[in-house]
Each structure stands twice: as structure tokens, then as C-alpha cells.
Amino acid sequence: MSDGKLLSDDQIKASSQLNSFHRAANARPRAKYCWCSAINDLKQFLQVDFVTTVLLTGLKATGLVSLGYGTKSFVLFFKKTVKESWKSYPGNNGSMVSPA
């Protein structure tokens, strides 16, 4: 995801974006800017469509904590097909996870 070769910008969607510099595609770790939601509430999300089944070996949440922007916690959901319902990642039961 970080180099932009495996995922197109269209495969990364978000509930909102602060402005064009902080759009969903900028959620990649090495992007010049970052994704930032336009609203500060618990309903904001970032969605990545990998198209095929993938093995995720890590998840990195970053932010501009010094300016008050940053991920304090998140819930990880997944589904294998468009028709399936979202499921919380095994082990967290839909509860918040704090980034290390």
C-alpha cells in the first residue's frame, strides 16, 4: 500500500476528507500529505479494497499529534465479498484498539 503500485487511489476511500491535500489516497505511509477527516467523531472511516484476499501482517496509524491530529484508537473490520456483512477483526470483538 505504501508505494502506490499495488493499490490505485480509487481503491482507498474515506468517510470524509479535510481538503484535497488530506484525501483518502494520502493514507499511504510514505505519502507527502496524510488523510484527515473533515469531521471529528467516531463515525469516520478509511476503507481499502484489496480486490483479492490478502494477508495483512501489520497496520500503522500515524498523525500530526503535536497539532491535535492523530488516531487515538480504531476498530478493524473486514469482509471477503461485497455481499457479506462487515465483521470485526478476530480478537477485538468490535472494541477500540490503541495504536502502539
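**Note on salt bridges and one backbone angle**

1. Arg28 and Asp9 form a salt bridge, with their closest N and O atoms 2.9 Å apart. Arg28 sits in the loop between β1 and β2, while Asp9 sits in the segment before β1, so this pair ties together parts that are 19 residues apart in sequence. Keep in mind that this is a predicted model.

2. Is Arg28 buried or exposed? Arg28 is buried, because its relative accessible area is 10% and the cut-off for buried is under 20%. Asp9 is partly exposed, at a relative accessible area of 34%.

3. Asp9 also takes part in a salt bridge with Arg23. The N to O distance here is 3.4 Å. This pair, too, links distant parts of the chain. Arg23 is in the loop between β1 (12–14) and β2 (46–48), Asp9 is in the segment before β1, and 14 residues separate them. Arg23 is partly exposed, with a relative accessible area of 33%.

4. How many salt bridges does the structure hold? There are three. Lys87 and Glu84 make one of them, with the closest N and O atoms 3.1 Å apart. Lys87 counts as partly exposed at 42% relative accessibility. Glu84 also counts as partly exposed, at 23%. That value falls in the partly exposed class because buried requires under 20%.

5. Which residues do shared partners join into one network? They are Asp9, Arg23 and Arg28.

6. A separate point concerns the backbone at Val51. Phi of Val51 is near 70°. That is a positive value in a residue other than glycine. Where does Val51 lie? Val51 is in the loop between β2 and β3 (77–78). Val51 counts as exposed, because its relative accessibility is 65% and the exposed class begins over 50%.

7. To recap the items to inspect: the Asp9 network with Arg23 and Arg28, the Lys87 and Glu84 bridge, and the positive phi of Val51.

How values were computed: Residues are numbered from 1 along each chain as its sequence is written. This is a predicted model: local features need pLDDT of at least 70, side-chain atom pairs count only at pLDDT 80 or more; totals for chains, interfaces and linings use all residues. Side-chain values use heavy atoms; hydrogens and water are left out. A salt bridge is a side-chain nitrogen of Lys or Arg within 4 Å of a carboxyl oxygen of Asp or Glu. Helices (H or I, at least four residues) and strands (E, at least two) are DSSP runs, numbered from the N terminus. Buried means under 20% relative accessible area, exposed over 50%, partly exposed in between (1.4 Å probe, protein chains only).
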